[in-house]
Amino acid sequence: MITQETLGKTLISHGVSRRGFIKFCSTLTSMLALHPSMAIQVAKSLEKIQRPSVIWLHFQECTGCSESLTRSHAPTIESLIFDYISLDYHETLLAAAGDAAEKALHDAMHAHKGKYLLVVEGSIPLANPGFSTVGGKSNLDVLQHVAKDAAAIIAVGSCASFGGLPNADPNPTGAVSVSDIIKDKPIINISGCPPIPVVITGVLAHYLTFNVLPELDELGRPKTFYADTIHDRCYRRPFYDKGLFAESFDDEGAKKGWCLYRLGCKGPTTHNACATVKWNDQTSWPVEAGHGCLGCSEPRFWDGGGFYKALSIPGSDVKKMAGYAVAAGLAAGAVGGMANRSKKVDAVKKHETISVEDWEE
Ligand code: SF4
Ligand code: SF4
């Protein structure tokens with residue numbers, strides 16, 4: 001059923017206490033990296049607004065992004081759906097099927113014309129419209145039809161943001177991203193394979209609070225979550241700066257938690273919030289679990305030259321620089337760190353994918 005209730009009224013009718021609401025606003029404020037004093041302002045604006053209608057479409061994808069969303073803890077998926085937004089159409093969470101589902105989509109588009117948020121999961125095949133259809137309609141037709149009256153579009157996951165796995169070489173379906181097709185609507189890319197759940201809910205919450213999309217980077221991703229690289233915030237970074245690298249997944253370096261750069265970690269060229277927001281209620285994240293970053297939130301990460309190939313090999317430079325440092329009476333770690341930092345800046349600029357073997361040659 002399509003409702004026009006304000007968020008304040010919805011929360012009261014769902015039994016959410018004033019205290020619970022303020023707590024939610026404080027969590028939101030810190031998640032969006034706002035000053036804590038903004039919490040009251042956030043609460044005031046949230047109380048007055050209408051719950052935004054959200055329409056969620058699925059194209060060429062694995063539903064991993066929706067799976068990720070269901071594991072959000074701040075806000076939880078239940079509170080997000082039942083209290084803060086009106087998720088009017090979502091093919092995998094929808095109770096209705098067939099004509100009733102089609103009607104839900106039509107009703108939401110009609111009732112919130114020009115105001116609903118369109119969330120897209122998956123890439124769009126252009127090589128043949130028959131490669132992916134919903135209700136007999138091609139992904140391209142559905143996207144163009146629903147995007148027409150949307151206020152803004154959120155491309156969730158690397159497939160919708162950049163083409164993702166379907167777009168990997170040789171791209172048999174001619175998969176493209178949402179922004180390759182839609183040119184006249186604001187689009188925000190929440191990349192990742194899958195994206196971090198609280199980043200998805202954080203962006204929805206930002207829109208809910210301020211009624212505008214957050215500031216974006218040059219690839220259309222929200223800067224709050226994608227401004228830094230994984231490497232910028234990685235807790236193994238001091239080992240990188242000292243030139244201490246694990247050479248295999250079970251050597252002494254790996255056991256001591258040394259840097260995973262030489263084992264293929266793409267942290268230096270990957271912008272995402274895994275190192276700070278973490279996963280599963282801030283339990284852990286891939287590098288903490290002992291595996292290098294795959295670079296999943298960057299364009300064409302599947303074609304990046306191998307998940308276990310190092311981007312470059314800073315180790316030899318670090319040893320050389322450390323030798324000079326000792327001779328000059330300086331701290332070896334600091335000098336090695338400088339060498340690696342400049343190498344990293346270089347690597348990020350070029351989105352470098354040189355392997356250890358290439359470098360040694
Ligand atoms: S290369 Fe990877 S493991 Fe090493 S410090 Fe950077 S992000 Fe962390
Ligand atoms: S650590 Fe890297 S590959 Fe893993 S989820 Fe984060 S950005 Fe993606």
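I began with a pair of facing residues: Ser53 stands opposite Ser86 in S2. I keep in mind that this is a predicted model.

Next I looked up how the two strands run. S1 covers residues 53–58, and S2 covers residues 86–90. They pair in the parallel sense, over four bridges.

I then checked for another partner of S1. Strand S3, residues 117–121, runs parallel to S1 and is joined to it by five bridges.

Is S1 covered or open? I found it mostly covered, with six of its six residues buried. I sorted the side chains by direction. Ser53, Ile55 and Leu57 point one way. Val54, Trp56 and His58 point the other way. In a regular strand the side chains alternate between the two faces of the sheet. In S1, both sets are buried.

I moved on to ligand 2. I listed 13 residues around it. Asn272, Cys274, Cys293, Leu294 and Cys296 come nearest.

Last entry: Trp279. I located it in the loop between helix H15 (274–277) and helix H16 (315–328). Why does Trp279 count as partly exposed? It has 18 C-beta neighbours inside 10 Å, and a buried residue needs 20 or more.

I also looked up its contacts. Setting aside neighbours within four places in sequence, Trp279 touches Ile196, Cys274, Ser284 and Trp285. Ile196 is 83 residues away along the chain, yet the C-alpha atoms of Trp279 and Ile196 are separated by 6.8 Å. Cys274, another contact of Trp279, is also on my list for ligand 2.

How values were computed:
Residues are numbered from 1 along each chain as its sequence is written. Chains are lettered from A and ligands numbered from 1 in the order in which they are written. This is a predicted model: local features need pLDDT of at least 70, side-chain atom pairs count only at pLDDT 80 or more; totals for chains, interfaces and linings use all residues. A residue is buried if 20 or more other C-beta atoms lie within 10 Å of its own, exposed if 12 or fewer, and partly exposed in between; C-beta atoms are placed from the backbone. Two strands pair if DSSP finds at least two bridges between them. A residue is near a molecule or strand if its C-beta atom, placed from the backbone, lies within 6 Å of it. Two residues are in contact if their C-beta atoms, placed from the backbone, lie within 7 Å.
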